[in-house]
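Let's walk through a few strand pairings and charged contacts, question by question. Have the model open as you read.

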Amino acid sequence: MRKVAHLALAMAPLMTFNTTAGNPADVAETIYHNAKVITVNNNFDIAEAVAVKNGHIMAVGNNRQIQALASADTKQIDLQGKTLMPGFYDGHIHVSTGARPFGASFDVPTPDQLGKILAEQAASTPAGEWLIGVMSRPYCHMAMPNRWELDAIAPDHPVMLACGVLKLTLNSQAIDKTGLNKDTPEPKDGLIVRDEQGEPLGVLTMGARRYALGVIPNPALNDDSARENLRAQLKKFPPMGVTSVNVAGVRPHELRLIQDVYARWGEELPRATLQIFLFPGYDNVETSLAEIEGLGFHTGVGDDRLKLGAIKMAMDGAIAVPDFRTLKPYDSKVRFDERGPWENQQGDFDGVTVIPRDSLYRVSKRAHELGWQLGIHTIGDAATVQAVKVLERILKESPREDHRHHLHHLTIRPPEETLTKIAELDIIVDTQPNYTYYNNAFMLAAVSGNRLERQNPQRSLLDHGIKIAYGSDGLPHGPLLGIWAATTRMGYDGKVYGAEEAIKVEEAIRAYTLGPAYLTFDEQQRGSIEVGKVADMVVLAEDPLTVDPLHLRDVAVEKTIVAGKEVFAGSHIEPYHQAAPKP
């Protein structure tokens, strides 16, 4: 049985006053009592009640101690034994100024709806005009149509369908507009999917999307629409119990719009840290360096509601294509059918490098010198090895205490020596436990055996002494599914993948609260229920420490509190079971 947390020593003087006698300094504004309070402090203590004043935690203790801080004006909330925790901190989300990628005008929720929806769009759009849609990401890896399938539905229009923002597919009219043909050179940072004769099949990934994006009409949204889209995306997080988010990549021109959103509606939204996304690639190093120099500020600028975080760069490809960079070739022959998007009959494909090592070094070194934190996207083990070498070189040449540089994802488990080096350099890993559930559908197209079982490692990171922060990567899964996935290692198909990589519920909770707070230099203000910290909390209908681990993803969020004010009240459970493909 866990011990009940005592009041912090800093609170002792408060208890000497008769708080009902009228000393305002000693009176709580709000008291949550009769709860199971999971503090997530150093000892992971459990308390019964919390007092809140001026948006901060005033006291933590048992019911008697905390209710002694009430006056007739104090709002007292009886939680009837429910769980009160620090608000979840999603350490990796994505938002955009557009409601859909690439200015798309329609969605395709499931593959069997493609024909009907695309035909309706074609019937209501003059011939020759673009039809731009988005396929549901959980399904598009299984049924990304090629040019001929799109031609059969909409032969009189150029058509583009996007799978997230990482790959897209075109019909023949659209391909003609791009100028793509069998002689088009393969980009270094992406793939043009081709048939046996070398003709494009319409699917473009990563850097190859440039061929299409240059001709697809994408009218700019007016500022009001962009702000409303951002607001709507951010409002989805409080119902999941999320009180802070780390936005893993915005472009410099988007900063003013996000700043406007927080100036107008900040009190109804989670606190946000914004990472600046740069694309040095193979030929944009000077542009990226100029962008850094032109910003004129660095990590940490802002306030407790909205501030700047790291410089974000992506070294390799993605899982959802899949084209992440690996040390050994993919195990499977990735083919253009239900498993994946391109032909690889030789079985020698090892992914795509989006930013070569020298380019990453040049931009990262200058950002580091200017005071920026760095966050490097590395999915494959080869990308992780190279990124760690770059960060090691930078830290040797320009040592900096408490740099908090980090790797995003680290999905294919790298060699032991790389894990050891990550720990030695005090590099943080911003990892997504929900990948084990959601992205195994993509991983099956690329890796098998030990690489599949040990993908998305969690236990290995902690056992090497590596600090971790949890996030969702913008997928439609809340923190409770992430905690469930980290502790069960269950995939979308109901199978357990790499049980040895599972971690404890307490460790997963810490990684979804204090972990991201540490990542963004906020661990002294957020991430746990302790005296003096901001009153960012979540009320859960059940206790995540005692429920059946298989039930964790189904625990309901009942209240979300930011700075002592409720920004969500109700009963919210994410529709997890509808969010991933069926096996």
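Q: How many bridges join strand β1 to β4?
A: Keep in mind that this is a predicted model. Strand β1 covers residues 30-33 and runs antiparallel to β4. The number of bridges joining β1 to β4 is three.

Q: Which residue in β5 stands opposite Ala51?
A: β4 also pairs with β5 (residues 56-61), in the antiparallel sense and over five bridges. The hairpin of these strands has two residues between them, and Asn54 takes a positive phi near 55° there. Opposite Ala51 you'll find Ala59.

Q: Is Arg227 buried or exposed?
A: Arg227 sits in helix α7 (residues 223-234) together with Asp224, three residues away, about one turn of the helix. Their side chains meet in a salt bridge at 2.8 Å, N to O. Asp224 is partly exposed at 48% relative accessible area. Buried means under 20%, and Arg227 has 9% relative accessibility, so Arg227 counts as buried.

Q: How many residues apart in sequence are the parts that Arg454 and Glu500 tie together?
A: The side chains of Arg454 and Glu500 meet in a salt bridge of 3.7 Å, N to O. Arg454 lies in the loop between α15 and α16, while Glu500 is in the loop between α17 and α18, so the pair ties together parts at a sequence separation of 46 residues.

Q: What is the relative accessible area of Glu186?
A: Glu186 forms a salt bridge with Arg194, with the closest N and O atoms 3.1 Å apart. Arg194 is buried, at 16%. Glu186 is partly exposed, with a relative accessible area of 37%.

Terms used: Residues numbered from 1 in each chain as written. Predicted model: local features only at pLDDT ≥ 70, side-chain atom pairs only at ≥ 80, totals over all residues. Heavy atoms only, no water. Pairing = 2+ DSSP bridges. Helix = DSSP H or I, 4+ residues; strand = E, 2+ residues; numbered from the N terminus. Salt bridge = Lys/Arg side-chain N within 4 Å of Asp/Glu carboxyl O. Buried < 20%, exposed > 50% of the residue type's maximum accessible area, 1.4 Å probe, protein only.
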